[in-house]
Amino acid sequence: FRAMFDELEIETVRANVLKHDRRIGDRAFEAIRTLTADVGLLPRAHGSALFSRGETQALGSVTLGSKGDIQKLDAITGGPVEKKFMLHYNFPPYCVGEVGRLGSTGRREQGHGALAERSLEAVMPQDYPYTVRMVADIMGSNGSSSMASVCVGALALMDAGVPIRQPVAGISIGLFTGGDRAVLVTDINGEE
């Protein structure tokens with residue numbers, strides 16, 4: 001029964017976009033949900049921020065370490081041998097209203113964390129003398145949590161005084177296709 005409902009929901013959302021030019025909540029295709037942000041929330045962290053886009057909310061914290069805190073990598077197959085910037089992405093079950101175990105890092109956390117890490121690492125100063133560890137905890141999610149991690153990460157890095165090369169933000173884009181039509185929508189939510 002649940003699978004039938006999920007299929008009906010998918011087809012309804014898809015038909016509304018492709019046939020009726022309507023999104024959930026009547027948002028325009030290029031519209032972004034309400035944004036809020038705050039910094040300096042965690043007094044013991046070097047930098048912290050809270051970022052919300054609609055119902056998606058991320059808490060970011062940054063700690064700075066010495067060169068001795070650099071992560072050593074196994075470079076048997078080539079590539080870098082150490083990491084000075086690390087982003088840990090946590091997506092606990094409660095952020096989507098579920099109950100479950102808080103356990104080891106899964107594929108979602110690995111993939112979304114790597115995506116956000118690459119986005120933020122690109123703006124880190126080349127000669128920055130500190131090792132930087134960023135943690136993005138998803139507090140609530142209704143779509144685009146990995147991109148919320150990019151936004152909260154940039155804010156937390158700036159709060160920590162890291163001289164990033166330029167501010168960076170992330171947003172999700174969805175593609176609806178059907179027949180001979182393709183529609184891009186900005187800032188997709190969970191149902192989309």
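The face of helix α1 turned away from its buried side carries the exposed residues Met 4, Phe 5, Leu 8 and Lys 19, where exposed means over 50% relative accessible area, buried under 20% and partly exposed in between, computed with a 1.4 Å probe on protein chains only. Helices (H or I, at least four residues) and strands (E, at least two) are DSSP runs, numbered from the N terminus. This is a predicted model, in which local features need pLDDT of at least 70 and side-chain atom pairs count only at pLDDT 80 or more, while totals for chains, interfaces and linings use all residues. Residues are numbered from 1 along each chain as its sequence is written, and side-chain values use heavy atoms, with hydrogens and water left out.

The buried residues of α1 are Val 13, Val 17 and Leu 18. Seen down the axis of α1, these buried residues fall within an arc of 120°, so they line one face of the helix; the arc is that of the directions from the helix axis to the C-beta atoms. An α-helix has 3.6 residues a turn, so residues three or four places apart point the same way. The buried residues of α1 pack against β8 (173-178) and β9 (181-186), a contact being heavy atoms within 4.5 Å.

The 19 residues of α1 (residues 2-20) should span 27 Å at 1.5 Å a residue, and the end C-alpha atoms are 26 Å apart, which agrees; the expected span is 1.5 Å times one less than the number of residues. Just after α1, Asp 21 takes a positive phi of about 50°.

Helix α2 (residues 107-121) has 15 residues and reaches 21 Å from its first C-alpha to its last, close to the 21 Å expected at 1.5 Å a residue. Its buried residues are Glu 109, Gly 113, Ala 116, Glu 117 and Leu 120, and, seen down the axis of α2, they fall within an arc of 105°, so they line one face of the helix. These buried residues pack against β5 (82-83), β6 (85-90) and α3, whereas the face turned away from the buried side carries the exposed residues Arg 107, Gln 110 and Arg 118.

Ser 149 is found in helix α3 (residues 145-159) and counts as buried, at 0% relative accessibility. Leaving aside neighbours within four places in sequence, Ser 149 is in contact with Tyr 89, Ala 116, Leu 120, Ala 136 and Ile 138.

## Salt bridges

A search of the whole structure finds ten salt bridges, each being a side-chain nitrogen of Lys or Arg within 4 Å of a carboxyl oxygen of Asp or Glu. One of them joins Arg 2 to Asp 6, with the closest N and O atoms 3.8 Å apart; both residues lie in helix α1, four residues apart, about one turn of the helix. Arg 2 is exposed, at 64% relative accessibility, whereas Asp 6 is partly exposed, at 28%.

Arg 27 forms a salt bridge with Asp 187, the closest N and O atoms being 3.4 Å apart. This pair links distant parts of the chain, since Arg 27 is in the loop between α1 and β1 (35-39) and Asp 187 is in the segment after β9, 160 residues apart. Arg 27 is buried, with a relative accessible area of 16%, and Asp 187 is buried too, at 0%. Glu 192 also forms a salt bridge with Arg 27, at 3.9 Å between the closest N and O atoms, and Arg 23, Arg 27, Arg 33, Arg 53, Asp 187 and Glu 192 are linked in a network of salt bridges.

## The chain as a whole

The protein chain has three helices and nine strands, which follow the pattern α-β-β-β-β-β-β-α-β-α-β-β along the sequence. Its C-alpha atoms fill a box of roughly 55 × 35 × 35 Å, taken along the principal axes, and buried residues make up 39% of the 192 residues. Of the contacts with a separation of 6 or more, 65% are between residues 24 or more positions apart.
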